[in-house]
Amino acid sequence: MRQNFKIGFFFITLLTFSSPLWAFDDVNASANSNTDLSTAELLDQQLNKAKGKVVYVDFWASWCIPCRKSFPWMNNLAAQYQSQGLIILSINLDHSRVLADEFLAQIPANFPVIYDPKGSIARKYQLKGMPSSFIINRQGQIVSAHVGFNEEKKSAYEQEIKALLTPLE
């Protein structure tokens, strides 16, 4: 328990004192390169398109070690469950698009990436650590929030998603 507290405190401190993360606003950052929309509007637009689907929203940054393991898993999820109605959306919080692009060159994303260098979406979702994720049901409601990623959590997250994808009889 004490170890979890230390890890949580570390991530909160890191997010609080990483001012470059919130200091820049990249107007060219978007999932679809539409520069007329704010990052929050881009996410809202993507979520509106996903109505009636299950959505996994993932917040990540290039410096996040667990994110390197979550991307292959999310790519696999997208491939495996897209036909059942799963949408994966990711929000990058790097202060520089170059850092995110370098990460994505090594570990590609087969899902939309919204760049949020100012952290406006992160503040809206009140992130508690990195990576953070939210599962949204077909009715558009957040049903689950997660912090962190590892083998144990991966299985639990996937079970939650599969339960939401299962049609009611």
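Okay, a term to start with: when I say buried, I mean under 20% relative accessible area, exposed is over 50%, and partly exposed is in between, using a 1.4 Å probe and protein chains only. Helices (H or I, at least four residues) and strands (E, at least two) are DSSP runs, numbered from the N terminus.

Quick housekeeping. This is a predicted model, so to speak of a local feature we need pLDDT of at least 70, side-chain atom pairs count only at pLDDT 80 or more, and totals for chains, interfaces and linings use all residues. Residues are numbered from 1 along each chain as its sequence is written, and side-chain values use heavy atoms, with hydrogens and water left out.

Let's go to strand 4, residues 132–136. Five of its five residues are buried, so the rest of the structure largely encloses it. On one side you have Ser132, Phe134 and Ile136, on the other Ser133 and Ile135.

Who sits beside strand 4? I call two strands paired if DSSP finds at least two bridges between them. Strand 1 runs antiparallel to strand 4, with five bridges joining them. Val57 is opposite Phe134, and Phe59 is opposite Ser132. Strand 5, residues 142–147, is also antiparallel to strand 4, again through five bridges; there, Ile136 faces Ile142. The hairpin of strands 4 and 5 has five residues between the strands, and Gly140 in it takes a positive phi near 85°.

Now strand 1 itself, residues 54–60: seven of its seven residues are buried.

Tyr56 has Ile88 as its bridge partner. Together with helix 4, residues 65–81, these two strands make a right-handed β-α-β unit. Right-handed here means that, with the strands pointing away from you, the path from the first strand over the helix to the second runs clockwise.

Last stop, helix 5, residues 97–106, where Ala100, Phe103 and Leu104 are buried. They span an arc of only 95° around the axis, which puts them on the same side of helix 5; that arc is taken from the directions from the helix axis to the C-beta atoms. Val98, Ala105 and Gln106, on the other side, are exposed. And what do the buried residues of helix 5 pack against? Strand 1, helix 4, strand 2 and strand 3 (113–115), where contact means heavy atoms within 4.5 Å.
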